[in-house]
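Okay, thanks for coming, everyone.

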Amino acid sequence: MSRHSHAAGREHDTVRAGAQDDAGAQDNAGAQDDARVQDHVTPRDGAAGQGRPAGQSRRSFLTYLVAAPTLALVTRAGADALAPHPAHAVVPSLPAIADLIDLGDLFILAGAPTSALLALAVEADGTIRFRLPREEVGQGLTTAVAMLVAEELDAPLADVRVELDDARPELLFNQLTGSSNSIRSLYGPVRQCAATARARLVAAAARRWGLSAGSLTTANGAVRATDGRTADYGSLAAAAADPGLIVLGATPKKTAKHTLVGRPTSRVDARAMVTGAQRYTLDLDVPGAKPCVVRRPPTLGGTVRTVTNLAAVRAMPGVLHVVTVPTGVAVVAETFGQAITAKSALQVTWGPGLADQLSDTQIRAKLRAATPPLLVPPLLTPYVDAEFDFAFVSHAPMETNSAIADVRDDRAEIWSGLKSPIVARETIAADLGLPLDKVKVHVVQAGGSFGRRLFFDAALEAARVSKACRRPVRLMWTRVDDTRHGRMRPATHHKIRATHLLGEVLSFEHRVAAAETDFRHGLGEIITATAASLPLGIGNATLAQTLFLTTVKSPYHFGLTTQALTEVPTGIPTGSWRSVYSANTRGAEEIVVDELAARTGRDPYRFRRTFLKTDAQRAVLDKVATEGEWGRPMEAGCAQGIAFHEEYKSRTACLVEIDTRDPEHVRVTKAVIAVDVGLPVNPRGLEAQMIGGLTDAISTTLRAGLHLDKGLPLEGSYSQFHWAQQRDTPRDVRVFVLPATGEEPGGAGELGVPAAVGAIANAWARATGSKPRSFPLDFDVDFTPYPR
């Protein structure tokens with residue numbers, strides 16, 4: 001969750017001006033840049049160094065000094081493709097494409113040319129400001145980045161301010177938040193930027209005191225000499241910004257030297273969040289912005305034909321404007337209560353949408369029909385066949401879609417929680433008919449996303465309403481709007497066949513048919529930009545196939561292994577949901593792994609351990625089995641389940657215990673999770689990520705889904721979309737973050753869901769003696785839907 005203060009924008013002027021000036025100079029005059037380059041930063045070890053796993057990326061950096069009154073820097077980063085780890089088994093499987101290059105690698109490659117635009121400033125009062133070109137939506141990103149800055153600068157964490165950057169088109173592919181990539185892509189550049197700032201501060205102190213820079217040290221936000229003299233960073237900021245300052249170079253600390261990174265650290269915004277001081281989009285003080293809500297159609301994508309009582313609604317108390325926009329009829333009023341009352345009173349004749357006749361039965365039939373046939377016939381070989389269905393799911397963030405827009409004849413300004421602000425700015429400018437440089441988009445910390453805020457529907461809608469009303473508006477989607485008309489995780493159908501003989505798995509085929517996912521938020525451009533770098537055959541794949549193949553892989557040696565996706569256009573608004581394809585795909589696979597173990601007379605934990613490809617994978621599996629007391633006796637109707645997942649250079653295992661004795665209230669009573677992300681920056685943040693993934697999995701596996709009925713979900717609130725509540729979550733949850741196993745961090749945001757889905761489903765199967773095949777498992781319509 002999060003908010004960004006309107007007034008705070010004024011506090012950022014010095015930092016933003018420095019970064020933007022430097023960006024302009026780089027675009028227009030390379031020679032002018034060269035005159036300002038004072039630091040050449042030596043690249044990190046080219047070969048795999050001590051503690052670096054084989055195949056890990058190498059990076060080199062070039063740091064530029066920004067002309068500014070106090071120290072301000074930007075850094076540039078480049079990255080290699082990653083190589084697979086070798087592995088061996090009786091019937092080995094070839095490396096999957098995601099073993100060779102994953103979606104996070106594509107993000108790093110695409111963003112490398114513009115990573116020079118990271119900006120850090122040390123101000124005269126000692127405050128250290130870092131402009132973050134990513135979105136904070138509650139994942140703890142600002143805390144982790146602040147830790148990296150404080151670590152490299154040897155400064156107190158309390159002195160560091162991480163502030164979200166406005167939409168900046170010059171960043172190209174380097175301002176999109178998704179695919180568990182923020183820390184992966186920023187880890188090197190942020191550290192290098194901060195290390196260079198430290199080197200300049202040391203050089204400034206050395207010149208002031210007439211000492212060698214090598215004789216000075218830094219600690220607690222100050223430079224220290226051996227004779228006892230100290231100078232705090234604020235007092236050195238102006239001198240450190242001198243372009244004539246001679247600096248020999250700067251290298252980030254080795255992992256072994258870290259004193260803050262790797263230590264569990266509470267969120268920097270935690271107090272503000274729990275006390276209500278944290279400000280979100282609708283809390284911002286934008287002069288003249290009036291509340292706005294939209295009456296939406298009774299089917300997805302429906303259009304407005306006529307409003308039969310327009311004059312009467314305009315005359316209602318507090319109503320200021322009633323305007324038609326492509327998504328419905330907007331009401332602007334003095335208060336949200338007045339706007340909602342007027343919206344409900346509207347009498348609208350609606351045109352058809354794109355999916356008016358579609359309901360769950362039709363969707364499932366479409367997906368089943370589109371699923372390609374399996375290629376490997378069982379012949380005389382024993383086999384396991386399974387088919388699975390997963391329902392549509394809402395993102396359901398705590399903060400609904402919201403935005404503030406102030407559109408004038410010659411300019412526009414937008415405030416919203418945005419994970420793809422560059423595409424948002426471009427789209428809004430085109431829609432309003434304004435030049436791009438006349439549209440300013442402010443990124444505001446947001447109250448949850450889970451993929452939802454990759455799309456900017458509220459920002460575009462608010463801009464359209466503001467233009468029509470010729471005044472600033474404060475637009476809010478109601479909870480019913482957000483649940484029914486928001487984008488959904490696509491429904492999917494899965495067909496899996498695994499053949500086995502004499503205790504070995506010979507083949508594993510997985511065919512997925514999914515409602516088409518909308519990726520028109522920047523991911524498509526990233527894939528296109530890096531297509532030439534992809535392995536042979538991938539560069540020519542469709543966008544969805546590329547995303548699927550660079551995220552989904554099997555961690556097991558199961559012989560001939562194939563995974564394929566077919567997407568089905570439906571007209572239903574969809575979007576990436578946490579773990580995108582992996583939650584359903586790998587969740588289903590982990591269920592089949594349990595069934596393979598049973599068919600071959602093996603224990604599910606031991607079976608997995610045998611076929612996993614690497615020792616690192618087995619380490620997290622062993623950890624949960626030991627800590628969770630795998631195999632302990634359970635009462636009838638209760639059982640344990642276990643599962644494993646690997647993605648984005650990270651791996652996790654999950655063990656749960658479930659109680660199904662009350663069929664009306666099936667509960668996960670205990671969970672043990674182990675996670676290895678290579679280099680953990682903030683273990684406490686990782687714990688939160690994994691617990692969040694567990695909660696998502698409990699919800700969507702047991703009860704939470706959307707019933708599509710004649711072109712509209714029936715669910716309209718948390719009381720109907722059965723997300724896990726406190727009573728549904730286990731009281732006993734333990735997360736074990738493994739010590740660093742590499743020199744760089746892997747991804748974590750997506751990691752926690754798939755293994756938990758598999759573990760919960762497997763526990764349910766063992767407790768009930770039934771095979772789980774349709775999710776959520778309890779999917780009754782036990783509520784009266786809101787009127788359309």
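Let's start with a charged pair: D732 and R734 meet through their side chains in a salt bridge, 3.8 Å from N to O. By salt bridge I mean a side-chain nitrogen of Lys or Arg within 4 Å of a carboxyl oxygen of Asp or Glu. D732 is partly exposed, at a relative accessible area of 31%, and R734 also counts as partly exposed, at 27%. The cut-offs there: buried is under 20% relative accessible area, exposed is over 50%, and partly exposed is in between, with a 1.4 Å probe and protein chains only.

Quick housekeeping. This is a predicted model, so local features need pLDDT of at least 70 and side-chain atom pairs count only at pLDDT 80 or more, while totals for chains, interfaces and linings use all residues. Residues are numbered from 1 along each chain as its sequence is written, and side-chain values use heavy atoms, with hydrogens and water left out.

Now the overall picture. The chain has 788 residues, and 60% of them count as buried. Its secondary structure comes to 22 helices and 30 strands; those are DSSP runs numbered from the N terminus, H or I of at least four residues for helices, E of at least two for strands. Take contacts, meaning heavy atoms within 4.5 Å: among those between residues at least 6 apart in sequence, 79% join residues at least 24 apart.

Back to charges. How many salt bridges does the structure hold? The count is 55. One of them is R368 with D389, where the closest N and O atoms are 2.7 Å apart. R368 sits in helix α12, residues 360–370, and D389 in strand β14, residues 383–390, so this pair ties together parts 21 residues apart in sequence. Buried or exposed, what is D389? It counts as buried, at 6% relative accessibility, whereas R368 is partly exposed at 42%.

Another one is E595 with R773, at 2.9 Å from N to O. That pair links distant parts of the chain, 178 residues apart: E595 is in helix α18 (582–599), and R773 is in the loop between α22 (752–768) and β30 (774–775). E595 counts as buried at 14% relative accessibility, and R773 is partly exposed at 21%.

On to a sheet. There's an open one of five strands, in the order β23-β22-β21-β14-β30, with mixed pairing. Two strands pair here if DSSP finds at least two bridges between them. β23 (560–568) and β30 are the edge strands with a single partner each, so one side of each has no neighbour in the sheet. β22 and β23 run parallel, joined by nine bridges, and A513 stands opposite T566 in β23.

The definitions use a 1 Å grid over the protein atoms alone: a cavity is a set of points where a 1.4 Å probe fits but cannot get out, and a pocket is an open set with protein on both sides within 12 Å along at least five of seven lines; lining residues have an atom within 4 Å of a point. Points are joined across faces, edges and corners, and a volume is the space filled by probe spheres set on them.

The second largest pocket has about 990 Å³ of space. It is lined by 33 residues, and D457, R487, D518, R520 and P573 are the closest to its centre. Which elements give two or more residues to that lining? They are α14 (457–469) and α17 (543–549), with α14 giving the largest share, four residues. By class the lining has 13 nonpolar, 10 polar and 10 charged residues. For those classes, Ala, Val, Leu, Ile, Met, Phe, Trp, Tyr, Cys and Pro are nonpolar, Asp, Glu, Lys and Arg are charged, and the others, Gly among them, are polar.

As for cavities, there are six of 30 Å³ or more.

Last stop: L612, in the loop between α19 (604–611) and α20 (615–627). L612 is buried, at 2% relative accessible area. Leaving out residues up to four places away in sequence, L612 touches P555, Y556, Q617, R618, L621 and F644. Okay, that's my tour.
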